[in-house]
Amino acid sequence: MVGDTHDDAAGERGLSRRELIKRTVGFGAGALVAGSAQIPREPLETLTTAEAATLDAIAARLIPTDEHGPGAIEARATRYIDRALGGALAGAREAYRSGLADVDARARASKGAPFAQLPAADQDAILTEMEGTPFFSLVRTHTIQGTFGDPYYGGNANFAGWDLIRYPGVRLAATADDQRMDSRPARLRRSAYDHAMFAKRRPSRARLGPIEEPWRSS
Amino acid sequence: MAIELKKRDVVIVGLGAAGGVAALPLARAGLDVVGLEAGTWLSPADFAPDELRNNVRGWPQAVQKANREIPTHRRSSSAPYSPRLAVHPMMNAVGGTTIHYWGQSWRLNPWDFKVVSETRRRYGASRIPAGSTVEDWPFGLDELEPYYDAVEYELGVSGQAGNIQGKIDPRGNIFEGPRRRAYPMPPLRGSGFTELMAGAARKLGWHPFPGPAAVTSRAYDGRPACAYHGFCARGGCHIRSKSSTAVTTIPKAQQTKRLEVVTEAVVTTIEVDRNGRARGVNYLKGGMEYFQPAAVVLLASYVYENVRLLLVSKSAAFPNGLSNNGGQVGRHYFSHNQQAPVTALFPHDLNTWYGLPAQGVAVDEWADDNFDHSTLDFIGGGNLWVYSDRRPIAAAEMSTFGRAPRWGSAWKAFIRQNADRWNTAYLQKTTLPYEDNYLDLDPTVKDPLEFPVIRITADYKENDRRLSLFIQDRMAEWYMAAGAVAIERTPLGTMGPTTHAYGGTRMGDNAGTNVVNRWGFSHEVPNLGILGASVMGTSGARNPTLTVQALAWRTADYLAKNWKTIT
């Protein structure tokens with residue numbers, strides 16, 4: 001396993017799926033965020049605590065935890081976004097600063113409380129109102145990346161996203177049987193970088209910044 | 001001052017699909033060849049099956065010179081600029097975009113070389129679309145056949161022949177032109193889904209066949225058979241089964257000791273002498289400026305960069321750019337009519353999580369002039385292609401076919417059920433050049449070296465749009481025959497920067513309307529050869545790369561055999 005995903009395994013292993021759902025369904029996202037605060041978390045890298053709380057609350061409504069199992073919260077989509085905003089998605093940092101502030105401002109103006117503390121129905125009403133905005137599209141795109149992307153990048157914790165869509169996982173070879181329409185290949189739970197041949201060439205975030213310019217001296 | 005290097009026989013600008021092929025016949029002929037490549041070597045360890053890095057972020061670990069020179073686009077000379085792409089569709093590396101391309105390796109069909117004469121003959125001259133500058137190629141498929149054959153065997157292409165020396169084999173494409181022999185490898189295997197689609201096509205009376213792929217279907221040339229693991233689209237192959245030039249023709253050329261590969265070399269301009277002959281190229285590497293003299297310059301970068309390097313290489317002999325005294329550089333540009341897909345929803349899982357975009361099934365009934373156009377309002381046609389390939393982020397971003405919202409529990413339930421139940425067809429269609437579709441230098445947007453980037457002024461025309469709608473209907477018919485329960489047609493967009501760009505240095509006998517002659521050498525600069533789809537005057541209804549490679553081999557072969565005349 002990639003080191004990045006160990007902590008989630010430790011934090012969530014103790015919860016059965018039924019317990020997880022019982023804790024989170026019917027309490028709204030406010031309760032969900034409070035509940036997930038019990039999971040040990042590493043410090044944020046880019047977002048402020050308040051921004052992360054708002055983003056978590058949005059992600060929880062976009063891909064909710066429900067009778068179909070874990071959602072964006074368990075997948076740690078916010079952790080993916082937090083880390084990416086310090087690297088590959090640094091160009092979107094300002095959009096998150098103003099966009100998340102706008103979400104909270106809307107929540108306070110219409111409901112008198114920060115977005116993360118509103119009941120799910122009120123949160124959904126605000127998100128519905130924002131659906132056509134560029135910021136909504138940005139968060140939706142990144143929440144999907146953080147839920148269904150390779151766990152190496154901090155999201156898709158415990159392969160929650162891949163399980164959700166029944167993706168059988170990254171494998172380095174697929175047999176003819178694996179490609180039959182009626183076959184159900186065994187689910188493999190590995191990051192691409194869990195494979196030894198790729199482990200040494202993990203993309204580092206430092207190299208996700210400025211693109212290399214071979215015409216300049218190094 | 002630039003450091004002047006030792007003079008070589010041939011300098012090749014760009015070691016990708018085209019330059020990487022041309023190097024081999026030149027090196028085998030004993031010529032002293034240097035290949036300048038802006039990117040680096042990549043190794044199998046660089047090719048992790050990582051959708052975020054490869055597909056979402058566009059290969060950020062590689063040298064991305066191309067990303068610094070993304071062309072601008074406008075639909076017409078009076079239209080506003082379109083939003084600029086964030087990622088250039090091509091990449092820099094030894095092997096170029098053959099590192100991460102799909103590997104579909106088609107020969108053009110006979111009609112594609114003779115669009116004008118065949119249309120006139122069958123339907124009358126009035127059926128050539130107004131404003132089109134299309135010409136017949138200076139030769140037919142038969143002239144290119146030996147070079148297609150050479151490239152298929154040197155690279156390693158898998159496929160099922162449909163016409164060997166006139167004998168039709170219905171397991172292959174019955175519409176293809178004659179080939180001298182079978183492919184070097186059998187086709188890639190089918191998947192459950194492609195078998196379903198093949199069966200549906202047969203029910204419709206069509207002739208489905210497995211498409212040709214520059215991917216090994218069995219061990220070949222010291223490389224193992226494809227593992228069908230996926231991540232082939234915009235991904236390199238970790239076991240070297242994709243027959244990129246980086247693992248085939250380039251190392252073979254290096255083995256002759258006649259090819260030197262210089263990586264991270266950014267070519268800026270081509271120099272000419274006072275007689276207007278090419279003298280060599282200037283390039284930057286590691287903060288130093290070099291001049292590489294050569295008896296022959298072969299320009300082998302992508303369409304946009306080929307045109308740009310010519311236009312920025314101004315001299316007393318060529319004040320409007322190299323080889324542009326006739327004003328043809330940048331003209332006859334078009335990007336392939338390959339957008340406007342059809343997407344289908346099926347009532348059962350397809351299990352297309354593995355496989356590759358070159359592992360598919362094709363139908364050519366509606367391509368080229370394979371059907372009667374007498375009562376239709378367009379010429380040309382499209383190749384229908386479906387394949388086995390799916391990645392999780394893309395799967396989750398599926399259309400909801402109007403059956404679910406775009407987020408929330410209902411969306412989640414929808415994708416949980418349907419993420420593996422949809423498929424998108426790849427529809428490539430005949431595209432023609434027009435008078436008002438062209439490339440030039442952008443008057444304001446520059447790259448970090450202060451050279452202008454390419455500006456694309458181009459849009460699809462009526463023929464493209466009518467053809468696109470017709471082909472979408474055929475594809476919808478195919479999906480419905482296979483049991484699809486919902487269909488979506490994506491409208492045709494516009495001709496922005498693309499992986500299938502053509503023209504700008506068109507090949508033809510008429511020096512008044514073409515930049516290069518029938519052998520790929522400039523009409524104005526006899527020792528300047530141009531390789532790539534920039535020389536192609538029609539697209540056909542299929543991927544360009546194998547044709548680009550066959551033309552590159554042919555130009556290199558001609559150069560080696562006519563060395564004294566050309567130099």
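In chain B of this predicted model, contacts with a separation of 6 or more come 75% from residues 24 or more positions apart. Chain B holds twelve helices and 22 strands. Its C-alpha atoms fill a box of roughly 70 × 55 × 50 Å along the principal axes. The radius of gyration of chain B is 23 Å, which agrees with a compact globule, because 567 residues in such a globule would give a value near 24 Å.

Now look at one helix pair in chain B. Two packed helices are described by the angle between their axes and the distance between the axes. Helix H1 of chain B spans residues 19-28, and helix H11 of chain B spans residues 545-561. Their axes lie 8 Å apart and meet at an angle of about 30°. Angles under 35 degrees count as roughly parallel, so H1(B) is roughly parallel to H11(B). The crossing is right-handed.

Which residues of H1(B) meet H11(B)? They are B:Val21, B:Ala22, B:Pro25 and B:Leu26. Their partners in H11(B) include B:Trp553, B:Ala556 and B:Leu559. By class, this contact has nine nonpolar, two polar and one charged residues.

Finally, turn to the two chains together. In chain A, 51 residues are in contact with 56 residues of chain B. On the chain A side, helices H4 (49-62), H9 (134-148), H10 (160-164) and H11 (196-199) each give two or more residues. H9(A) gives the most, with four residues. The chain A side divides into 27 nonpolar, nine polar and 15 charged residues.

Notes. Residues numbered from 1 in each chain as written. Chains lettered and ligands numbered in written order. Predicted model: local features only at pLDDT ≥ 70, side-chain atom pairs only at ≥ 80, totals over all residues. Contact = placed C-beta atoms within 7 Å. Nonpolar A, V, L, I, M, F, W, Y, C, P; charged D, E, K, R; others polar. Rg over C-alpha atoms; globule rule 2.2 N^0.38 Å. Axes fitted to C-alpha atoms, helices over the stretch in contact; angles between N-to-C directions. Parallel < 35°, antiparallel > 145°, perpendicular 65-115°, else oblique. Left-handed = near helix turned anticlockwise from the far one by under 90°.
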